[in-house]
Each structure stands twice: as C-alpha cells, then as structure tokens.
Amino acid sequence: MPNTVVIGLQWGDEGKGKVIDLLTPDVDAVVRFQGGNNAGHTLVIEGQKRVLHLIPSGVLHEKCLCIISNGVVVDPKVLIDEIEGLKNSGFFKDPSQLSISEDAHVLFPYHVRIDQLREEKRGGSAIGTTGRGIGPCYEDKVARCGIRMSDLVDSLALKKRLTEIVPEKRNYLEKVLGSKLPLSEEAIYEQYNTYGQYLKRHVCNTNHLLQELISQKRSVLFEGAQGVGLDLDHGTYPYVTSSNTISGGVFTGTGISPKGVDKILGVAKAYATRVGRGPFPTELNDKTGEYLQTKGAEFGSTTGRKRRCGWLDLFWLKHAVWMTGADHLALTKLDVLSGLDPISVAIGYRLNGKMLDSPPSRIEDWEKVEPVYESLKGWHENIESVTNIKQFPKACLDYLKWVEKEIGIPISIISVGPERSAHIYGDRRA
Ligand code: GDP
Ligand code: IMO
Ligand code: MG
C-alpha cells in the first residue's frame with residue numbers, strides 16, 4: 001500500500017480508528033503526528049471494544065510498528081496505562097512495536113489543571129475542551145518553555161527543566177486562576193522521572209526511523225486525530241483544538257517532506273457530529289437529531305459527552321476535501337441513516353441573504369450561517385450485514401453516487417457498522 005494519510009474531514013470522531021485498523025494489515029507502520037489524548041479512536045473486533053487515545057490504531061496487529069512522532073503531546077501516565085491495558089489483553093507483546101519521538105512534548109498535571117480552570121472561568125463561552133491539558137501543553141511548546149520526551153527520560157535534564165518551569169506555573173495558577181499546583185515540584189519530579197524511565201526504551205529519533213522506512217519502500221499510514229473543522233488555523237476558530245489537523249500537519253508533525261506521502265484518504269460520517277461547543281450549521285435539535293444520536297450511539301469516546309448531531313454538510317466536506325487533498329473517501333456510519341426518509345444534505349451556506357463560495361472566518365458569521373439543503377430519497381432497509389455494494393437498496397446506491405459526484409473523489413470504503421468486518425470496498429480501492 002502506498003504511504004497514506006488518513007484524515008477526519010468533519011469535527012472529529014468520523015471513525016478514523018476503525019478505518020486505520022482495517023488498513024493496517026497492508027502497512028508496516030502507523031504514525032500519530034498531532035494531538036494527544038484528546039483523541040479517542042474506537043476499534044471493535046468480534047464484539048470487543050477498545051478505545052485508543054495515544055497509541056496508533058495499528059497496535060492490534062502485532063507486526064505493525066506504532067510511532068508517536070514529534071507533533072503529538074504525550075501524557076505519559078495515559079500512555080503507560082494504555083500500554084499496560086493492551087499488554088493485559090494479550091496485545092503489544094514486543095516493546096519494539098512502539099517508538100516515541102524524543103522531540104514530542106510532555107503533558108504535565110499543571111497543563112490539565114490550567115485547561116480545566118480556564119474552561120470553568122469562561123463559563124458560557126467555554127470552548128468545551130476535553131479537559132486533557134492539550135491547549136496549555138501546545139502553548140508551552142510555542143512559547144519555547146515546554147519539556148520534551150528527551151528531557152523526561154534523562155533524570156538530570158528533567159529536574160533542571162522542572163525547576164525552571166514549575167515556579168512560573170505555580171505563580172500563574174495562584175495569581176491568575178486562583179488555584180494551587182496539583183502536585184509539589186518534588187512530587188512531579190518523582191512521578192515523572194519514574195514514567196520517563198518506563199518509557200525510555202521507546203524514545204528515539206522517529207524522523208530518522210521514518211526516513212529509513214520510507215527509503216526502504218516500506219509502507220506507512222499517518223493517523224490523523226480530530227478533523228479539519230477543529231484545525232487550529234482552518235477550523236471554526238476559536239472553537240478548535242490546538243494543533244493542525246489537516247494533512248499538512250503530517251509534515252511538521254513528523255519531519256518528513258511532502259514527497260514522503262503518496263495518498264490521502266479522507267474519512268467522513270454519512271451525517272455530521274460535533275462534541276463540545278462551536279458552530280454547527282446543520283445541527284438538528286429535533287427528533288431526527290435524537291434519532292442520529294441514539295442510533296449512532298453518539299457519545300464522545302474520550303469524555304463520554306453526548307455528541308451533537310446533524311445532517312451531512314457537503315459544503316464543508318467539499319472544502320475539507322480540497323484542504324486535505326483527499327484522493328479517496330471512507331464514508332462511515334451509513335447504516336445509521338437507514339429509516340430516515342427523506343435525507344437532507346447541505347449543499348451551500350447563506351449569510352446575510354448571500355450564498356457563500358467558501359466557509360466564513362469570523363465566529364459571528366459562522367453562527368449566522370444558514371445551510372441550504374438538497375433533499376434525497378432515503379431507505380428503510382437495514383444495511384448492517386451488506387457485504388457487496390450491489391446489495392445496497394437503490395436509494396442508498398443513488399445517495400452514494402450523488403455524494404461521490406458532488407465531492408469529486410471516489411468513495412473507496414463504506415462502513416456499515418462498528419465491527420472491523422462491517423465494511424465494503426467501493427469500485428476503486430484506496
Ligand atoms: P474516531 O475518533 O474518528 O476514531 O471515531 P470514534 O471512535 O471517536 O467514533 C466513531 C464511533 O462510531 C465509534 O464508536 C465506532 O465504533 C463507531 N463506528 C465506526 N464506524 C461505524 C459504522 O460504520 N457504523 C456504526 N454504527 N458505528 C461505527
Ligand atoms: P478524535 O481524534 C472530537 C474537540 C473538543 C473541543 C475542541 C478542543 O477522537 O476525532 P481540546 O481538548 O482538543 O482542546 O478541545 O476539540 N475535540 C474533539 N472532538 N473528536 C476528537 O478527537 C477531539 N479532540 C478534541 O471536544 O470541542
Ligand atoms: Mg474519537
């Protein structure tokens with residue numbers, strides 16, 4: 001399989017984990033390149049559900065190398081718990097399966113506390129973050145005062161860095177947020193030094209590792225977290241995450257050049273969801289929205305929050321296909337649409353009476369945007385056990401063809417259930 005980037009095209013939770021697990025038998029390595037444990041990627045294999053937050057979704061295939069590269073922010077406690085959980089279930093038997101970049105930034109308890117307290121302070125204008133400390137950790141990276149994996153695994157360096165940064169964090173927490181440091185400097189050092197020693201064997205120069213893999217023509221899958229709508233620069237700012245979720249994030253987040261990527265696979269749900277606050281033009285606060293939420297079991301994989309649900313936003317999807325350069329689409333959760341007739345799909349945005357040719361920038365405009373819908377015939381048949389595209393009801397096939405024509409790229413994977421096996425390949429495979 002060519003080196004492929006898998007990117008969520010909506011507001012996260014498109015089913016990227018399932019798609020990656022599905023493609024892993026054909027690749028040598030899966031790489032997480034941005035985000036942190038704000039991500040929750042679900043894999044369901046023979047009824048057994050597993051949610052991965054930091055370890056790449058290829059980990060259940062023992063021959064697959066899993067790489068956490070420099071663009072990821074790593075909460076070592078969460079990572080160690082994930083490793084131990086996998087080991088206890090009979091996976092991850094060989095420690096050399098996981099490599100972590102020495103340049104990845106480490107997420108500390110003060111990042112989590114700052115994230116949560118800021119959200120509390122924002123009250124009605126909170127972003128609705130996952131509360132995992134992601135924003136504050138990326139802030140330190142950009143402010144050039146972050147602590148990296150290479151520091152975490154070296155006791156002396158860790159002590160020195162903590163001595164420099166902790167007083168500043170204590171001051172900020174006490175003076176600005178009116179709270180205390182969650183742990184003393186000494187306790188942070190003791191705990192994180194232990195984590196560092198545990199993770200040391202996995203820490204290396206992942207840029208070099210990727211260079212070697214790519215030059216040996218071994219195939220690599222780049223696993224996006226979140227989705228285009230949550231991109232720091234290109235999403236619905238400020239209701240976004242703190243990293244670049246578009247395919248461009250692969251290059252800064254791993255250090256490989258654009259020449260290292262051959263294909264881009266976009267992942268989208270057959271409808272739309274969003275968890276946390278922020279604009280959502282096609283949101284449905286009615287019975288149809290409830291139907292999608294219940295039938296699609298739309299609860300956040302990381303925080304358990306109910307996901308907001310709405311119709312597919314094709315205007316956004318086309319934009320996201322363009323932004324990411326997606327060559328193919330994996331369309332997930334098509335089974336959830338069964339029983340809805342007609343089905344609406346947004347084909348444009350109207351703002352102040354005028355049709356837009358691209359999504360707006362300012363949040364005030366985003367909030368005023370009115371979606372313009374096309375109505376399509378729905379179907380009532382259960383499609384969960386369909387194994388061949390020809391078995392789809394006619395209305396479902398027409399829907400797929402229409403989406404394909406509108407977005408201008410082929411649908412190469414159609415997912416009809418959470419199970420690894422519940423998928424159909426389109427006419428043109430990724
Ligand atoms: P990710 O963050 O993009 O990996 O997506 P999540 O794992 O957060 O959310 C997707 C949810 O949908 C998970 O619970 C999956 O098990 C489930 N899922 C994935 N594909 C399908 C599908 O085709 N149909 C149904 N009904 N559920 C699916
Ligand atoms: P996966 O990889 C859905 C959302 C949060 C919030 C905003 C900012 O599973 O698709 P953050 O904690 O990142 O500062 O929160 O981004 N968010 C996600 N929504 N799926 C995700 O990841 C998300 N990661 C962050 O809900 O609105
Ligand atoms: Mg998720």
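Tutor: One term before we start: a polar contact is a pair of N or O atoms within 3.5 Å; within protein, one must be able to donate a hydrogen and the other to accept it, and residues adjacent in sequence count only if both atoms are side-chain atoms. The model is predicted: local features need pLDDT of at least 70, side-chain atom pairs count only at pLDDT 80 or more, and totals for chains, interfaces and linings use all residues. Residues are numbered from 1 along each chain as written, chains are lettered from A and ligands numbered from 1 in written order, and side-chain values use heavy atoms, without hydrogens and water.

Student: What does the side chain of Thr-302 reach?
Tutor: The backbone oxygen of Asn-38, at 3.1 Å.

Student: Is Thr-302 buried or exposed?
Tutor: Thr-302 counts as buried because its relative accessibility is 17%. Buried is under 20% relative accessible area, exposed over 50%, partly exposed in between (1.4 Å probe, protein chains only).

Student: New topic. Which ligand 2 atom does Asn-38 approach with its side chain?
Tutor: An oxygen atom, 2.9 Å from a polar side-chain atom of Asn-38. Backbone atoms take part too: an N or O of Asp-13 lies 2.8 Å from a ligand 2 oxygen, and a polar backbone atom of Val-275 is 3.0 Å from one.

Student: How much of ligand 2 does the protein bury?
Tutor: 98% of the 550 Å² that ligand 2 exposes when taken alone. Those areas are Shrake-Rupley values with a 1.4 Å probe; for residues, only the protein chains shown count as cover.
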